[in-house]
Amino acid sequence: VAAGDIAVIRGLRHVVTGSTLHLHSPSLCDRPARVQGASGEVPPVCFAAFEAAELQHEETLVSALEELVLEDPSYRLTKEDSTGQYILWAAGELHLEVAHRRLLEDFQIPDVTRSRLSIAYKENPQTTVEGRSSFTLEGKMQTQHEASVELRVSPLPLPDPLSASWTSACRQE
């Protein structure tokens, strides 16, 4: 097989998406191949909890989720220790929908439930900002309603988005 050709090789148990195969120079195995100019991987921003409807299917669900992560390195799998839920991180809502469909259809796990999509926002203000706004609304019968809002936003350190505390803080019921 020449460089750039597509081939099928059976029986490789420790090869995953993104692995580099070569015939010579075992020292190359010590350092992963990098594409020049690549700035690194993009972290997943959306997550959802996946649960098996019955306890007897939980082990199968975990194995299937781990296989999805091996097949697609842009997924991340974590376990929430306090609830026992498995959290799958993905690139977007469609990515999570595809994973859910594959669990039901390809892996044939009955009644897998998925929580609502949650998004781990990572924006953080760089400086403290304050603002104030007021307005008056004239209602019917010559009534006036006044409102004012004061807002102060300050930067805080953000936790690691894959940590258990961040996951439980962002979880939507």
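**Notebook: a buried glutamate, salt bridges and a nonpolar patch**

I looked up E80 to begin with, and E80 is buried, at a relative accessible area of 4%. For my own reference, buried means under 20% relative accessible area, exposed over 50%, and partly exposed in between, with a 1.4 Å probe and protein chains only. E80 sits in the loop between β2 (76-79) and β3 (86-90). I noted that helices (H or I, at least four residues) and strands (E, at least two) are DSSP runs, numbered from the N terminus. The E80 side chain has a polar contact with the side chain of S82, at 2.9 Å. A polar contact is a pair of N or O atoms within 3.5 Å; within protein, one must be able to donate a hydrogen and the other to accept it, and residues adjacent in sequence count only if both atoms are side-chain atoms.

A reminder about the source: this is a predicted model, where local features need pLDDT of at least 70, side-chain atom pairs count only at pLDDT 80 or more, and totals for chains, interfaces and linings use all residues. Residues are numbered from 1 along each chain as its sequence is written, and side-chain values use heavy atoms, with hydrogens and water left out.

Next, the charged pairs. Side chains of opposite charge can pair when their charged atoms come close. I found five salt bridges in the structure, each a side-chain nitrogen of Lys or Arg within 4 Å of a carboxyl oxygen of Asp or Glu. One of them joins E71 to R102, with the closest N and O atoms 2.6 Å apart. That pair links distant parts of the chain, E71 being in helix α1 (residues 58-71) and R102 in helix α2 (residues 93-105), 31 residues apart. E71 is partly exposed, at 34%.

R102 also forms a salt bridge with D106, at 2.8 Å between the closest N and O atoms. Shared partners join E71, R102 and D106 into one network. D106 counts as partly exposed, at 44% relative accessibility.

Within helix α2, I saw R101 and E105 four residues apart, about one turn of the helix. Their side chains form a salt bridge of 3.3 Å, N to O. R101 is partly exposed at 36%, and E105 is partly exposed at 49%.

Last, the surface. V129, V149, L151 and V153 make a nonpolar patch of about 340 Å². Such a patch takes residues with over 30% relative accessible area and no salt bridge, nonpolar side chains (Val, Leu, Ile, Met, Phe, Trp, Tyr) being joined within 5 Å. Accessible areas come from the Shrake-Rupley method with a 1.4 Å probe. Strand β7 (residues 144-153) gives the largest share, three residues. L151 lies in strand β7 and is exposed, at 53%.

Key
Patches are made of residues with over 30% relative accessible area and no salt bridge: like charges are joined within 9 Å, nonpolar side chains (Val, Leu, Ile, Met, Phe, Trp, Tyr) within 5 Å.
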